[in-house]
Every structure is written in C-alpha cells, then in structure tokens.
Amino acid sequence: MARRDLESGGGRTKNNRTEENYTAHESSNLYEADTHWTSWLVPMFVVANIAVFVVSMYINNCPKNNLGLQGGCVAKFLGRFSFEPMQENPLLGPSSSTLTKMGALRWDNVVNGHQGWRLVTCIWLHAGIIHLLANMLSLVFIGIRLEQQFGFVRIGVIYLVSGFGGSVLSCLFIRDHTSVGASGALFGLLGAMLSELITNWTIYSNKAMALLTLLVIIVINLGIGILPHVDNFAHIGGFVVGFLLGFILLPRPQFGWLEQRRLPAGVRLKSKYKAYQYVLWIVSLVLLAAGLAIALVMLFRGEKGYDHCHWCRYLTCVPTSKWECSNGS
C-alpha cells in the first residue's frame with residue numbers, strides 16, 4: 001500500500017503558531033511517533049498455529065491409525081508425525097476425524113451437539129502443511145505491518161472476531177463438510193485494510209493506486225474461493241466483519257487534533273475525528289452487532305442459509321464443464 005504522507009498546512013509564518021503553520025513533514029513526525037508499535041502478537045499467532053498443527057499430527061498418529069485402505073502414510077520417516085495418504089489428504093496433514101476431534105467446524109456438532117466453541121477452535125486448525133504455510137505467510141505479510149501501525153489490541157480483535165464471523169457464515173451455509181483454517185481471520189485483516197484506507201482517505205498519497213492495488217488483491221483472493229473444495233463463505237464472512245471493524249477500530253485522528261499540543265491557550269481545537277468518520281463508526285457498529293446476532297440466531301435455530309439466499313451457492317463454487325459443485329446444503 002502507498003506510504004502515508006500528512007498534508008501540509010497552509011501557513012508558514014513562525015510567529016503565528018496555529019494549526020496551519022506546520023509542514024507535512026512535521027505533522028508526519030508527530031503522527032508516526034504516536035502510532036508506531038512493535039509487532040509481537042502476530043508472530044505469536046503464527047507460533048500458536050504451528051504448535052496446534054504439530055499437536056494435531058501427534059494425535060493423528062498415521063502409522064497406528066491408518067488402515068491402509070487409501071494407501072500408506074506419507075513421509076513415514078517422521079514416525080507418528082507422518083501425513084495421511086495423499087488420496088485422503090492431498091494437503092499433507094491429519095485425517096478429517098482427527099481434525100473433528102480437535103475442534104474442526106461441522107454444522108451437526110455445532111448445532112445439534114451444542115458445541116459452539118468450534119466456531120473459534122476451527123480458526124487454529126489447518127488441513128495440512130501446505131494449508132498452514134499459505135495462511136501463515138499471508139498472516140506475516142499482512143498482519144505485522146498492521147500491528148506496527150495500530151497496535152496488538154485492535155489487530156488482535158479484528159483477527160479473532162473476523163475469524164469467528166467467517167466461521168458463523170460458513171456453518172450457516174455448509175452442513176456436510178468439515179472446515180478448518182485461519183482464512184476467515186486473514187480476510188478480516190484484508191477487509192480492515194480496505195476500510196482503513198477509506199476512513200483515513202485524506203492522509204494517503206497515491207490514493208487511487210493504493211485503492212486499486214488492494215481491490216485487485218481482494219478480488220483475486222475471493223475469486224479463488226469460487227473453485228470447488230474452497231470455503232468461500234468463511235472468506236466472505238471474515239472479510240465483511242473485518243471491513244466493518246476497520247471503520248470502528250482504525251480511524252486516524254485528523255491533523256488539527258494531532259497538533260493541538262503545540263497550540264497556544266484559547267485557540268479553538270478541532271474534533272478528534274471528522275464527521276464522516278463518526279458516521280461510519282456508528283453505522284458499522286450497528287451493522288456488525290445486528291449481523292452477527294441475526295446470523296447466530298439463524299444458525300442455532302437450525303435454519304439453512306440457502307433458504308434465504310438461493311443464489312448464494314454461486315459465491316462459493318461456480319459449476320463448469322471441468323468440475324461439479326457440492327455446496328453441502
């Protein structure tokens with residue numbers, strides 16, 4: 001994304017110390033000094049995901065539990081950490097039964113088994129080492145920069161709540177398949193990046209290029225979700241939740257408020273945020289609370305998402321002559 005540059009004020013006379021007297025360079029220094037953080041939570045998330053995967057492989061114990069019906073274990077030299085046969089899990093990971101035992105997302109367990117905790121635990125599980133590496137590289141690339149700019153609290157909330165939102169939407173539409181992975185949480189970070197760009201529009205240089213670049217990345221990633229065997233509902237749910245949370249948690253104070261410490265007594269100060277930022281904050285908070293509440297009520301009442309949105313099946317898989325779609329409804 002484009003580097004943020006603060007716009008300069010209009011005045012330059014040193015004797016008149018008003019908010020218009022500071023250059024973009026001075027404002028940028030003041031702004032960046034107050035907002036730079038050391039990233040430690042995102043690396044901890046990466047370590048936690050890797051640790052959970054190692055534990056899942058230990059519990060899986062392919063040499064002992066594999067019956068050989070779909071071939072032998074892969075990488076047998078790893079012992080009990082060897083992978084399931086490629087016919088069962090081409091992503092090089094544990095069996096579906098092991099993932100379910102450890103907290104994978106499955107509609108029947110969540111609704112009929114009253115195991116709502118799976119909406120959270122599934123975020124930390126991965127289907128295989130390929131799945132894990134892809135998600136963790138994305139998390140490092142996106143998450144560290146965001147945590148450095150906005151701190152661990154806000155980015156941690158966006159990551160976890162987006163992952164939860166993705167799980168809720170996935171479970172609402174997909175009933176017959178097991179779902180795992182941090183993709184919903186990662187798409188939440190992408191959504192937050194987009195809303196952060198929108199709500200802090202005035203502090204960006206090369207605004208159009210930054211927006212275009214981000215939109216291309218988002219469209220490509222969501223486009224991959226229309227392929228079979230990819231849970232695009234988790235992606236979409238996480239993205240929407242993250243997009244709304246970005247308006248709530250990531251607005252930047254406007255320039256006049258940032259410089260108020262340099263203003264003499266009696267000078268009228270600006271509001272911390274601009275009017276449109278307050279409007280976006282309120283609207284996003286209402287939509288987020290109402291959306292999650294309605295989705296959870298529908299889920300635990302056993303309603304099918306497709307009953308209320310027949311065309312939504314095309315959001316997760318588009319049938320072609322090359323493949324068929326099974327939406328798990």
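In the predicted model, serine 170 is in contact with Leu105, Ser179, Asp231, Phe233 and Ala234, once its neighbours within four places in sequence are left aside. Serine 170 belongs to helix α8, which comprises residues 152–173, and with a relative accessible area of 2% it is classed as buried, because this value falls under the 20% cut-off.

A search of the whole structure returned two cavities of 30 Å³ or more. Serine 170 is among the residues that line the second largest cavity, together with Leu105, Arg106, Trp107, Cys171, Ile174, His177 and Ser179; this cavity has a volume of about 30 Å³, and its lining consists of four nonpolar, three polar and one charged residues. The largest cavity holds about 60 Å³ of space and is lined by residues including Thr199, Asn200, Arg252, Lys274 and Tyr276, with three nonpolar, five polar and two charged residues in the lining.

Helix α7 covers residues 129–150, and its 22 residues should span 32 Å at 1.5 Å a residue, a value that agrees with the 30 Å between its end C-alpha atoms. Just after α7, glycine 151 adopts a positive phi of about 90°.

Key
Residues numbered from 1 in each chain as written. Predicted model: local features only at pLDDT ≥ 70, side-chain atom pairs only at ≥ 80, totals over all residues. Heavy atoms only, no water. Helix = DSSP H or I, 4+ residues; strand = E, 2+ residues; numbered from the N terminus. Buried < 20%, exposed > 50% of the residue type's maximum accessible area, 1.4 Å probe, protein only. Contact = heavy atoms within 4.5 Å. Expected span 1.5 Å × (residues − 1). 1 Å grid on protein atoms, 1.4 Å probe; cavity = no way out; pocket = protein on both sides within 12 Å on 5 of 7 lines; lining within 4 Å. Points joined across faces, edges and corners; volume = space filled by probe spheres on them. Nonpolar A, V, L, I, M, F, W, Y, C, P; charged D, E, K, R; others polar.
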